[in-house]
Amino acid sequence: MLTNSCFALPPGVHWTPVQDALDLLRRNLAPVTQVRDVPVAQATGRVTATAVLAERSNPPLPNTAVDGYGFAGGKPEGVHRMPLAPARAAAGDAPGILKKGEAMRVLTGAALPEGVDTVVLQEDVTVADGAISFRGPVRQGANTRKAGEDVEAGEVVVAAGRRIGAPEAALLAATGVRAVSVRAPLRVAVVSTGEELVEPGETARDGQIFDANRPMLLDLARRLGHTPVDMGRVPDDRDALRARLDAAAQDADVILTSGGASAGDEDHVSALLDETGTMTLWRIAVKPGRPLALGLWQGKPVFGLPGNPVAALVCALVFARPPMAVLAGETWPEPQGFDVPAAFSKNKKAGRTEFLRARVRDGAAEVFPSEGSGRISGLSWAEGLVELPMEAAEITPGTMVRFIPYGSFGL
Ligand code: AMP
Ligand code: MG
């Protein structure tokens, strides 16, 4: 399935461009989750394993789009008078039959009776003495919907690798789908590392800080449609971390760690992954983001994210989210960005991609005043990220920049 070299970067490259890193992940990863058939009512939120076909056309029969009066054929200009049949057709009625030359009362959603192909709006009609009168012209087929005009039975309604959301739930229901082949949710283990970390809500001594990354990454996993698996905090102790990674590999399909991913004395995530022989310390030309440690632990991919919460979130969104989607059976997601004028100035070094905490106000992108990667408040102030490409140099108010809303990252 995943090969030991799936995270190996080409030798001799020191600072890998973001796109090269993403291309490598895209090429080397494949779904790891089990496939099973579930009733359509349980399919919402799951990822389709195969293309889903419509079992019924939508609409299943021709029907009326308005409340009005139905008859056969279009009518030329001028006043028309037609006898009104005693029956009426309402939504849910099996289609009846209308005599030639007559009109029938029809209500929105009703299947068209045999002998009706055109409907005139009730507002345009006068009813008197068992007959209707209205003014032409009326186009043949007016105010009706054709069978299958939306979807024909047998057509693909949801492709493979799509997560079934609210719109798809409606589409599957409308097209008579009974069961869907879906993937089991991807289990995402989240582990925080660092001697200094204390559980949020508890008491911190001097020198200690609260573990901010774990609640952030657990929520991210949940919002992306995966099943978060809370593997707690581990101090900077290699044996403790080894045991925790073992447990995470048992309980999850992919492991997100934060902290300890560089090459320092207390960087035990990278040290342990290194022991497995599957690790690559990714030096990506990106800001924010210290090295990312990628490797396999007992066959499970590990994304060793930086400890700084800002870098951890940006790296998780940019580098861990698309591969997790693929592992979960989804197609590789490309976050949709929007080009907007900058409301800020910045002199950017060429040669690396930068992600700035940003939001759009009055049609222009504002960025958080401090780029410090410890500024968690800026993550919350922002509503997305501005991505400045490798080559960008001087940005002044009005320069077009790419704004990617958090929503485009699935947040
Ligand atoms: P590290 O990558 O372990 O060197 O950590 C980099 C910085 O991020 C240090 O200032 C850590 O204290 C901080 N940090 C690491 N993990 C967390 C966490 N879970 N929550 C908040 N800050 C963290
Ligand atoms: Mg640390």
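Student: Which residue stands opposite Val106 in β7?

Tutor: Ala89 stands opposite Val106 in β7. This is a predicted model, in which local features need pLDDT of at least 70, side-chain atom pairs count only at pLDDT 80 or more, and totals for chains, interfaces and linings use all residues. Residues are numbered from 1 along each chain as its sequence is written, chains are lettered from A and ligands numbered from 1 in the order in which they are written, and side-chain values use heavy atoms, with hydrogens and water left out.

Student: In which sense do β6 and β7 pair, parallel or antiparallel?

Tutor: Parallel: β6 (residues 75-89) and β7 (residues 103-106) share 3 bridges. Strands are DSSP runs of E, at least two residues, numbered from the N terminus, and two of them pair if DSSP finds at least two bridges between them.

Student: What is the strand order in the open sheet of 6 strands?

Tutor: The order is β8-β5-β7-β6-β10-β9, with mixed pairing. β8 (118-121) and β9 (126-128) stand at the edges with a single partner strand each, so one side of each has no neighbour in the sheet.

Student: How many aromatic pairs are there in the whole structure?

Tutor: The search finds 2; rings of Phe, Tyr and Trp (its six-membered ring) pair if their centres lie within 6.5 Å. In the pair Phe71 and Phe134, the centres are 5.3 Å apart and the planes are at 10°, so this pair is stacked (planes under 30 degrees apart; over 60 is edge-to-face and the rest tilted). Phe71 is in β5 (residues 68-71) and Phe134 in β10 (residues 131-138), 63 residues apart.

Student: Now the ligand. Which residues come nearest to ligand 1?

Tutor: Glu196, Asp211, Ala212, Gly260 and Gly307, of the 16 residues around ligand 1; a residue is near if one of its heavy atoms lies within 4 Å.

Student: Which polar backbone atoms does a nitrogen or oxygen atom of ligand 1 approach?

Tutor: A nitrogen atom of ligand 1 is 3.0 Å from a polar backbone atom of Ala212. An oxygen atom is 3.1 Å from one of Gly307, and an oxygen atom is 3.1 Å from one of Asn308.

Student: Last topic: what do β25 and β26 form?

Tutor: They form a hairpin with 2 residues between them, and Asp362 in the turn has a positive phi of about 50°. β25 (residues 353-361) and β26 (residues 364-367) pair in the antiparallel sense over 4 bridges, with Ala358 opposite Val367 in β26.

Note on methods:
Polar contact = N/O pair within 3.5 Å; in protein donor to acceptor, adjacent residues only side chain to side chain.
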